[in-house]
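Please open the model in a viewer and keep the sequence panel at hand.

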Amino acid sequence: MRVPNSVVLPVGTHVDCCQEEEVEEKRQDIMTKITAMLAERKSNLAHCINNLEDSEEPKFYVDQWERLKEMESCSLTILNLVAVNCTDHRDIKKLEATILEHVKNEELFPEVVRVLPPVYRQVEAAIVDIAQSEEMADHGMMDLQYLLSKLSQRKHLARLGRELLQDILRYLHRIGLVVWYEEIKQLESTVFLQPTFLITMFKLLVRYRLVQQLESIS
(Lines give C-alpha, C1' and ligand atoms only; values in the text may rest on other atoms or scores of the structure.)
Protein backbone atom coordinates (compact mmCIF):
# COMPACT_ATOMS: atom_id res chain seq x y z
CA MET A 1 0.00 0.00 0.00
CA ARG A 2 3.02 2.31 0.34
CA VAL A 3 4.66 1.40 -2.97
CA PRO A 4 3.56 3.32 -6.10
CA ASN A 5 1.77 1.19 -8.72
CA SER A 6 1.92 -2.00 -6.66
CA VAL A 7 0.53 -5.22 -8.12
CA VAL A 8 -0.71 -7.82 -5.63
CA LEU A 9 -1.61 -11.41 -6.40
CA PRO A 10 -3.57 -12.95 -3.49
CA VAL A 11 -2.94 -16.67 -3.03
CA GLY A 12 -5.26 -18.94 -1.06
CA THR A 13 -3.72 -22.17 0.24
CA HIS A 14 -5.11 -25.34 1.89
CA VAL A 15 -7.62 -25.92 -0.89
CA ASP A 16 -7.37 -29.60 0.06
CA CYS A 17 -9.08 -28.74 3.37
CA CYS A 18 -12.17 -27.35 1.58
CA GLN A 19 -15.10 -28.80 -0.29
CA GLU A 20 -15.02 -27.97 -4.00
CA GLU A 21 -18.00 -25.59 -3.80
CA GLU A 22 -16.41 -23.82 -0.79
CA VAL A 23 -13.35 -22.73 -2.75
CA GLU A 24 -15.18 -20.30 -5.06
CA GLU A 25 -17.29 -19.04 -2.15
CA LYS A 26 -14.17 -18.30 -0.10
CA ARG A 27 -12.42 -16.73 -3.10
CA GLN A 28 -15.27 -14.28 -3.62
CA ASP A 29 -15.45 -13.53 0.12
CA ILE A 30 -11.71 -12.72 0.28
CA MET A 31 -11.82 -10.50 -2.81
CA THR A 32 -14.86 -8.66 -1.40
CA LYS A 33 -13.03 -8.06 1.89
CA ILE A 34 -9.93 -6.80 0.06
CA THR A 35 -12.08 -4.36 -1.96
CA ALA A 36 -13.74 -3.13 1.25
CA MET A 37 -10.34 -2.77 2.96
CA LEU A 38 -9.00 -0.63 0.10
CA ALA A 39 -12.13 1.55 0.11
CA GLU A 40 -11.82 2.05 3.88
CA ARG A 41 -8.13 2.97 3.51
CA LYS A 42 -8.96 5.53 0.82
CA SER A 43 -11.70 7.00 3.00
CA ASN A 44 -9.44 7.16 6.08
CA LEU A 45 -6.66 8.89 4.15
CA ALA A 46 -9.09 11.46 2.75
CA HIS A 47 -10.46 12.04 6.26
CA CYS A 48 -6.95 12.58 7.72
CA ILE A 49 -6.02 14.95 4.89
CA ASN A 50 -9.20 16.98 5.39
CA ASN A 51 -8.55 17.20 9.14
CA LEU A 52 -5.07 18.62 8.52
CA GLU A 53 -6.34 21.09 5.93
CA ASP A 54 -9.11 22.27 8.27
CA SER A 55 -6.85 22.63 11.29
CA GLU A 56 -6.26 26.07 12.81
CA GLU A 57 -2.56 26.01 11.94
CA PRO A 58 -2.29 23.88 8.74
CA LYS A 59 1.26 25.14 8.05
CA PHE A 60 2.51 23.14 11.06
CA TYR A 61 1.32 19.91 9.44
CA VAL A 62 2.76 20.33 5.94
CA ASP A 63 5.10 17.32 6.27
CA GLN A 64 2.28 15.04 7.45
CA TRP A 65 -0.02 16.37 4.72
CA GLU A 66 2.57 15.69 2.01
CA ARG A 67 3.15 12.12 3.27
CA LEU A 68 -0.60 11.42 3.30
CA LYS A 69 -1.06 12.89 -0.19
CA GLU A 70 1.81 10.71 -1.42
CA MET A 71 0.16 7.61 0.07
CA GLU A 72 -3.18 8.65 -1.43
CA SER A 73 -1.60 8.77 -4.90
CA CYS A 74 -0.21 5.21 -4.63
CA SER A 75 -2.34 3.05 -6.90
CA LEU A 76 -2.80 -0.61 -6.05
CA THR A 77 -3.79 -3.31 -8.56
CA ILE A 78 -5.33 -6.43 -7.03
CA LEU A 79 -5.34 -9.48 -9.30
CA ASN A 80 -7.79 -12.36 -9.01
CA LEU A 81 -7.01 -14.72 -6.14
CA VAL A 82 -5.35 -18.00 -7.06
CA ALA A 83 -6.43 -21.00 -4.94
CA VAL A 84 -3.84 -23.78 -4.60
CA ASN A 85 -3.33 -27.10 -2.88
CA CYS A 86 0.29 -26.88 -1.68
CA THR A 87 0.53 -30.67 -1.46
CA ASP A 88 -0.15 -31.02 -5.20
CA HIS A 89 2.83 -30.26 -7.43
CA ARG A 90 0.48 -29.49 -10.34
CA ASP A 91 -1.06 -26.64 -8.38
CA ILE A 92 2.38 -25.22 -7.60
CA LYS A 93 3.20 -25.29 -11.32
CA LYS A 94 -0.16 -23.62 -12.03
CA LEU A 95 0.68 -20.82 -9.59
CA GLU A 96 4.12 -20.44 -11.16
CA ALA A 97 2.59 -20.16 -14.64
CA THR A 98 0.06 -17.59 -13.40
CA ILE A 99 2.78 -15.44 -11.84
CA LEU A 100 4.89 -15.56 -15.01
CA GLU A 101 1.86 -14.69 -17.14
CA HIS A 102 1.16 -11.60 -15.02
CA VAL A 103 4.82 -10.55 -14.83
CA LYS A 104 5.09 -10.60 -18.63
CA ASN A 105 2.04 -8.36 -18.93
CA GLU A 106 3.46 -4.98 -19.99
CA GLU A 107 0.23 -3.21 -19.00
CA LEU A 108 0.80 -4.31 -15.39
CA PHE A 109 4.59 -3.95 -15.48
CA PRO A 110 5.61 -1.31 -18.07
CA GLU A 111 9.28 -1.72 -17.12
CA VAL A 112 9.29 -5.50 -17.42
CA VAL A 113 11.78 -5.37 -20.29
CA ARG A 114 15.00 -4.13 -18.73
CA VAL A 115 18.56 -4.96 -19.71
CA LEU A 116 20.78 -5.71 -16.71
CA PRO A 117 24.51 -4.87 -16.77
CA PRO A 118 26.66 -7.97 -17.44
CA VAL A 119 28.17 -7.75 -13.93
CA TYR A 120 24.76 -8.60 -12.43
CA ARG A 121 24.71 -11.93 -14.26
CA GLN A 122 28.35 -12.57 -13.42
CA VAL A 123 27.77 -12.01 -9.70
CA GLU A 124 24.60 -14.10 -9.80
CA ALA A 125 26.46 -17.01 -11.43
CA ALA A 126 29.33 -16.69 -8.95
CA ILE A 127 26.97 -16.69 -5.95
CA VAL A 128 25.20 -19.80 -7.26
CA ASP A 129 28.62 -21.42 -7.63
CA ILE A 130 29.62 -20.49 -4.06
CA ALA A 131 26.26 -21.66 -2.64
CA GLN A 132 26.67 -25.06 -4.31
CA SER A 133 30.31 -25.53 -3.33
CA GLU A 134 31.30 -28.15 -0.76
CA GLU A 135 32.79 -25.54 1.59
CA MET A 136 29.37 -23.85 1.95
CA ALA A 137 27.61 -24.72 5.21
CA ASP A 138 24.08 -26.14 4.99
CA HIS A 139 22.57 -23.02 6.52
CA GLY A 140 23.98 -20.95 3.65
CA MET A 141 24.68 -17.90 5.85
CA MET A 142 27.63 -15.73 4.87
CA ASP A 143 29.03 -12.44 6.12
CA LEU A 144 28.56 -9.68 3.55
CA GLN A 145 32.19 -8.56 3.66
CA TYR A 146 33.41 -12.17 3.38
CA LEU A 147 31.11 -12.71 0.39
CA LEU A 148 32.60 -9.61 -1.24
CA SER A 149 36.13 -10.94 -0.68
CA LYS A 150 35.18 -14.36 -2.14
CA LEU A 151 33.66 -12.74 -5.23
CA SER A 152 36.62 -10.36 -5.64
CA GLN A 153 38.97 -13.34 -5.88
CA ARG A 154 37.43 -14.13 -9.25
CA LYS A 155 39.36 -12.43 -12.04
CA HIS A 156 36.35 -10.86 -13.80
CA LEU A 157 35.00 -9.51 -10.49
CA ALA A 158 38.25 -8.16 -9.04
CA ARG A 159 36.94 -4.58 -9.14
CA LEU A 160 33.60 -5.37 -7.54
CA GLY A 161 32.91 -2.83 -4.78
CA ARG A 162 30.70 -3.12 -1.71
CA GLU A 163 28.17 -0.54 -2.96
CA LEU A 164 27.69 -2.29 -6.31
CA LEU A 165 27.44 -5.67 -4.58
CA GLN A 166 24.69 -4.29 -2.32
CA ASP A 167 22.76 -3.08 -5.39
CA ILE A 168 23.09 -6.53 -6.95
CA LEU A 169 22.04 -8.25 -3.72
CA ARG A 170 18.88 -6.11 -3.63
CA TYR A 171 18.07 -7.38 -7.12
CA LEU A 172 18.88 -11.00 -6.21
CA HIS A 173 16.76 -10.64 -3.05
CA ARG A 174 13.82 -9.40 -5.14
CA ILE A 175 14.01 -12.38 -7.52
CA GLY A 176 14.40 -14.81 -4.60
CA LEU A 177 17.89 -16.15 -5.28
CA VAL A 178 19.22 -14.91 -1.93
CA VAL A 179 17.72 -13.37 1.19
CA TRP A 180 19.27 -10.21 2.59
CA TYR A 181 17.52 -8.32 5.39
CA GLU A 182 19.42 -5.05 4.98
CA GLU A 183 16.72 -3.10 6.84
CA ILE A 184 17.22 -5.18 10.03
CA LYS A 185 20.29 -3.89 11.87
CA GLN A 186 21.16 -7.27 13.43
CA LEU A 187 21.05 -8.98 10.01
CA GLU A 188 22.31 -6.29 7.64
CA SER A 189 25.78 -7.87 7.43
CA THR A 190 24.46 -11.41 6.81
CA VAL A 191 23.43 -12.82 3.44
CA PHE A 192 21.43 -16.06 3.21
CA LEU A 193 22.62 -17.87 0.09
CA GLN A 194 20.24 -20.78 0.76
CA PRO A 195 16.72 -19.30 1.20
CA THR A 196 15.31 -22.82 1.56
CA PHE A 197 17.11 -23.09 4.91
CA LEU A 198 15.02 -20.19 6.23
CA ILE A 199 11.84 -21.87 4.99
CA THR A 200 12.79 -25.07 6.82
CA MET A 201 13.58 -23.12 9.99
CA PHE A 202 10.31 -21.18 9.88
CA LYS A 203 8.39 -24.43 9.34
CA LEU A 204 9.79 -25.66 12.65
CA LEU A 205 8.71 -22.46 14.41
CA VAL A 206 5.41 -21.72 12.69
CA ARG A 207 3.15 -24.72 12.16
CA TYR A 208 -0.34 -25.03 10.74
CA ARG A 209 -2.89 -26.04 13.43
CA LEU A 210 -0.12 -25.97 16.07
CA VAL A 211 -2.54 -25.26 18.94
CA GLN A 212 -4.74 -28.22 17.97
CA GLN A 213 -1.68 -30.46 17.69
CA LEU A 214 -0.49 -29.46 21.16
CA GLU A 215 -3.97 -29.91 22.66
CA SER A 216 -4.21 -33.40 21.20
CA ILE A 217 -1.19 -34.54 23.25
CA SER A 218 -2.37 -36.25 26.43
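A residue is called buried when its relative accessible area is under 20%. The model on display is a predicted one. Select Thr 190 to begin: its relative accessibility is 16%, so Thr 190 counts as buried. Thr 190 is placed in strand β6. Display its surroundings and, leaving out residues up to four places away in sequence, Thr 190 is found to touch Met 141, Met 142, Val 179 and Trp 180.

**The two domains**

Next, colour the chain by domain. The domain assignment gives domain 1 as residues 6-104 and domain 2 as residues 118-202. The centres of the two domains, taken over C-alpha atoms, are separated by 31 Å.

**A stop at Pro 10**

Select Pro 10, in the loop between β1 (6-8) and β2 (11-12). Is Pro 10 buried or exposed? With a relative accessible area of 11%, Pro 10 is buried. Residues up to four places away in sequence aside, Pro 10 touches Met 31, Ile 34, Ile 78, Leu 79, Asn 80, Leu 81 and Val 82. For a sense of scale, draw a distance from the C-alpha atom of Pro 10 to that of Gln 64: the separation is 31 Å, for residues 54 apart along the chain.

**Helix α5**

Move to helix α5, residues 144-152. At its N-terminal end, select Asp 143, which caps the helix: a side-chain oxygen of Asp 143 lies 3.0 Å from the backbone nitrogen of Gln 145. Then select the buried residues of α5, namely Leu 144, Leu 147, Leu 148, Lys 150 and Leu 151. Turn the view to look down the axis of α5; the buried residues line one face of the helix, because they fall within an arc of 160°. Which elements do these residues pack against? Their partners are α4, β5 (141-143), α6 and β6.

Setting aside neighbours within four places in sequence, Leu 147 is in contact with Ile 127, Ile 130, Met 142, Leu 169, Val 191 and Leu 193.

**The largest nonpolar core**

Leu 147 also belongs to the largest nonpolar core, which has 24 residues. The members that touch the most other members are Ile 127, Leu 147, Leu 151, Leu 169 and Leu 193. Helices α4, α5 and α6 each supply at least two residues of this core. The largest share, six residues, comes from α4.

**Aromatic pairs**

Finally, show the aromatic side chains; the structure holds two aromatic pairs. Select Tyr 120 and Tyr 171: the ring centres are 5.7 Å apart and the planes stand at 65°, so this pair is edge-to-face. Tyr 120 lies in helix α4 (residues 118-132) and Tyr 171 in helix α6 (residues 162-174), so the pair ties together parts that are 51 residues apart in sequence. Both Tyr 120 and Tyr 171 are buried.

Now select Tyr 181 and Phe 192. Their ring centres are 6.3 Å apart with the planes at 75°, so this pair is edge-to-face. Tyr 181 lies in the loop between α6 and β6 (190-192), and Phe 192 in strand β6, so the pair ties together parts that are eleven residues apart in sequence.

Technical notes. Residues numbered from 1 in each chain as written. Predicted model: local features only at pLDDT ≥ 70, side-chain atom pairs only at ≥ 80, totals over all residues. Heavy atoms only, no water. Phe/Tyr/Trp six-rings, centres within 6.5 Å; stacked < 30°, edge-to-face > 60°. Helix = DSSP H or I, 4+ residues; strand = E, 2+ residues; numbered from the N terminus. Buried < 20%, exposed > 50% of the residue type's maximum accessible area, 1.4 Å probe, protein only. Arc of directions from axis to C-beta. Contact = heavy atoms within 4.5 Å. Polar contact = N/O pair within 3.5 Å; in protein donor to acceptor, adjacent residues only side chain to side chain. Domains from an automatic or database assignment. Core = buried A, V, L, I, M, F, W, Y, C linked by side-chain atoms within 4.5 Å.
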